[in-house]
Amino acid sequence: MTDLATREPGLSAAEVAQRVAEGHDNSYVAASSRSAWSIVRANLFTLFNGIIAACFLVLLFLGRWQDALFGFSAIANTVIGSVQEFRAKRSLDRLALMHAPTARVMRDGAEANIPVAGLVLDDIVVLRAGDQVSADAVVIDETRLQLDESMLTGESDAVDKAIGDRVLSGSIVVGGEGTARVSHVGADSYANRVASDAKKFSLVTSELRSSINRVLKWIAWIIGPVALLVLNAQMVALGGWPEAISSGSWRNGAVSTIASVVAMIPLGLVLMTSIAFAVGAVKLSTQKVLVQELAAVEGLARIDLICLDKTGTLTEGEIVFDQVHPIGEAAGWQRVLAWYGAEPDANATARCLTAPYPVTEPVEPEARIPFSSARKWSAVSFGAAAEGTWVLGGPEMVFAGSGHAELRRRSSELASTGRRTLVLAHTPTRLTSEDVDLERLPSVVEPVVLLTFREKERPDARETLDYFASQGVQVRIISGDNPHTVAAIAREVGLEVAGDGGFDARELPDDLDALAKVLEEHVVFGRVTPAQKKNIVIALQQAGHTVAMTGDGVNDALAIKEADIGIAMDSGSQATKAVARIILLDGRFSRLPGVVAEGRQVIANVERVSMLFLTKTAYATGLAVIFGALLLQFPFLPRQLSVVDGLTIGLPSFFLALMPNTRRYIPGFLRRSLSFAIPAGIVIALALALYVRLSTDAGIGEAELRTGSTLILAIVGLWILIVLSRPIDGIKTLIIGAMMIGLVLVYSIPLVSNFLELVNPSLTTALLVILISALTVGAIEIVRFVHVRYVRRSQARVVPSAQARSARASARARAK
């Protein structure tokens, strides 16, 4: 490389100012993926919140604030939803690939350090070992310049850069030095283009969240007509519309209508789901797992296929010395290897030699030819300490001609196992100045030793992959590295790989359907580009898989963003971590089974509590329709429903949602929940309708009728809690017992009973409550009996089909 005096002087201050004025600088301010106001607006102005807000305001207008307690649930849902999206937005807005705060440039003939944002088009950047390239540029001068582009391409080998070659922003200088002229800045640079592609706001796919949203959508469609039906029934029950309006009793009718409408909405289900997610995320953080979006806690428990990048996931991304294989005889080769490892310009592979071959006595070379990845060898001559010339390089390049068949055979055999091979050869002849100038290999060299190197595997990779295999989760390895190298690593960690090596991604079809077929037949893929990684994820999703993607490089960012669950290592690039849903803070692959266990607990427990909430929605809808059609007065005040729901659904569901649960994930959460909730809700609605009809015929007053309805609902609600909590252990016994005590206190404490407008029941009401409650409890037991058998049959169909799909894929791979 030229020295400072002969180096290009770079831009002048005036030229820099001109380019800044024209907008050709490296300042890159990406627009926020979503504004704060748009997030708040999306969570605040929903149909769900509109209904709740309208009911809340009507009750305040009527002076019945006591019945407006349900409004706090809507506020909590809005806050949690907004916070959840703000977390995802904040992560994406921090997206930045540049770790280097300054760049080294030539300005006005002098070298200067400037902020990365201060780079302009045509700047001359100075690159030295350890620097990160801050803008795309073209090399104009170099001395053994080598770059690590693994974060961008997935290729783990360092790349030599010659004059005229491009260097990309985000790559790292690992050897030599050079200068380059900036060709792209700001949003046009490679790193920022990748960031822009990944920087698209989206929430993680969640079956729990989407199922709940589907229920809310169904309710939204029917809530208007049902509300009109109930309101008309209340007015008729109060003597007709003219009489109700003139007497002012329409207020009571409006309150009853609001009670029926609010009861139809599963207010606490969204809140309870978010709380379960949040608690799961906090628990995982103690295990060094960062959950960037709450619903991701659920996601990993649902996957049936995981895509893994090799470098940084299965391996730690660094080369280690493997073994020495003696070939010939020549004294002093250990000292030569020590010199190669300690050389200041040593590349990553040569530096691995420092541990097995430490320098015991310094030696100075008389002449040398530096390593170049173009010719793949280097040569050095020593004096008496290690007499002659030593050549270190690829066997196929050092011994390119005929002869040395045994060497090439052993080298090829070792390389097929995924290990990199170098040969150390020797000749008594010393390098001449002409040899150095022409970079000429000595004419007669003899092999001394073969050296093998390998990528350092993560110690926990095998056990984690064994865990996923035991759970029926398929694995695909997709890497930018050589297919044979990737296949060898895959075998090392216990994966079955068909044939001699992996599938070369350069032969992958562009059509997604055809791509999906190839993905079903092969496990390991090499030479995969970032765009292909993204298409692989999409093709697998279209084939019906729920896909997780792990990685650490910029080349993984698009695929991680597209996957159902993206997982990044903390040692990875900033872009990858920003778009990942889950980050392993200590880089331990073995953390994933813990994430799966936590997700299973959330899914299984939310399914259990959802049956409580959806049963309430079902009976509330049934009550509204039945009472509206029969022109009966609604038998509850909103405050009565709020308290009963809180003690039989809200509070116990909070504890049930956080209890341990190891049940394996099975698709169809909403169908299973509704298969219990709808029949149970119909039973409760018919029971309450029967009670109201019998009470009305017996001449029981309005306050006593509402008290009896509240008692029946409390008893049946507790029984449903008992049914869904089975098998009942010590903790569940405490929860159910506490709720029973709470209901007793509600009826026995005068202050509370007066607030809820509860009165002492007559003998007739007490007998009706006992009779109706007993019949309803018996019917609920029948519903649960049928439901359990239906669920078992559906699970028996789902689980074997998933296992069969996994077995077919493994069989195809073995056969091929």
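Asp 645 is where I started: this residue is buried, with a relative accessible area of 11% (buried means under 20% relative accessible area, exposed over 50%, partly exposed in between, with a 1.4 Å probe and protein chains only). I am working on a predicted model, where local features need pLDDT of at least 70, side-chain atom pairs count only at pLDDT 80 or more, and totals for chains, interfaces and linings use all residues. Residues are numbered from 1 along each chain as its sequence is written, and side-chain values use heavy atoms, with hydrogens and water left out.

**Salt bridges**

What does the side chain of Asp 645 meet in a salt bridge? The partner is Lys 616, at 3.3 Å, N to O (a salt bridge is a side-chain nitrogen of Lys or Arg within 4 Å of a carboxyl oxygen of Asp or Glu). Lys 616 sits in helix α23 and Asp 645 in helix α24, 29 residues apart, and I noted that the pair links distant parts of the chain. For the element names, helices (H or I, at least four residues) and strands (E, at least two) are DSSP runs, numbered from the N terminus. Lys 616 is buried as well, because its relative accessible area is 7%.

I then looked up Arg 672, whose side chain forms a salt bridge with that of Glu 607 at 2.9 Å, N to O. Arg 672 belongs to helix α25 (residues 669-697) and Glu 607 to helix α23, so this contact ties together parts that are 65 residues apart in sequence. Arg 672 and Glu 607 are both buried.

Next came Glu 366 and Arg 430, which meet through their side chains at 3.2 Å, N to O, in a salt bridge. Here the link runs between loops: Glu 366 is in the one between α13 (348-351) and β11 (367-372), Arg 430 in the one between β14 (420-427) and α16 (433-438), 64 residues apart.

The search of the whole structure gave me 26 salt bridges.

**Cavities**

How many cavities of 30 Å³ or more does a search of the whole structure find? I got 4. On a 1 Å grid over the protein atoms alone, a cavity is a set of points where a 1.4 Å probe fits but cannot get out, and lining residues have an atom within 4 Å of a point. Grid points are joined across faces, edges and corners, and a volume is the space filled by probe spheres set on the points.

The largest cavity holds about 90 Å³ of space. Its lining has 13 residues, and those closest to the centre are Tyr 619, Thr 648, Ile 649, Gly 717 and Ile 720. I checked which elements contribute: α23 (592-629), α24 (638-656) and α26 (702-725) each supply at least two lining residues. By type, I have 8 nonpolar, 3 polar and 2 charged residues in this lining (Ala, Val, Leu, Ile, Met, Phe, Trp, Tyr, Cys and Pro count as nonpolar, Asp, Glu, Lys and Arg as charged, and the others, Gly among them, as polar).

**One more buried spot**

Val 692 is in helix α25 and counts as buried, at 2% relative accessibility. I looked up its C-alpha separation from Phe 634, 58 residues apart along the chain, and got 9.0 Å.

**Loop at Trp 65**

Trp 65 is in the loop between α3 (47-61) and α4 (71-93). Trp 65 counts as exposed because its relative accessibility is 54%.

Most residues other than glycine have a negative phi, and most peptide bonds are trans, so I went looking for exceptions. The bond from Arg 726 to Pro 727 is cis, with omega near -5°. Pro 727 lies in the loop between α26 and α27 (730-748).

Asp 122 is not a glycine, yet has a positive phi of about 75°. I find Asp 122 in the loop between β2 (110-115) and β3 (124-128), partly exposed at a relative accessible area of 26%.

Lys 288, also not a glycine, has a positive phi of about 65°. Its loop runs between α10 (267-285) and β8 (289-291), and Lys 288 counts as partly exposed, at 46% relative accessibility.

Notes. On a 1 Å grid over the protein atoms alone, a cavity is a set of points where a 1.4 Å probe fits but cannot get out, and a pocket is an open set with protein on both sides within 12 Å along at least five of seven lines; lining residues have an atom within 4 Å of a point.
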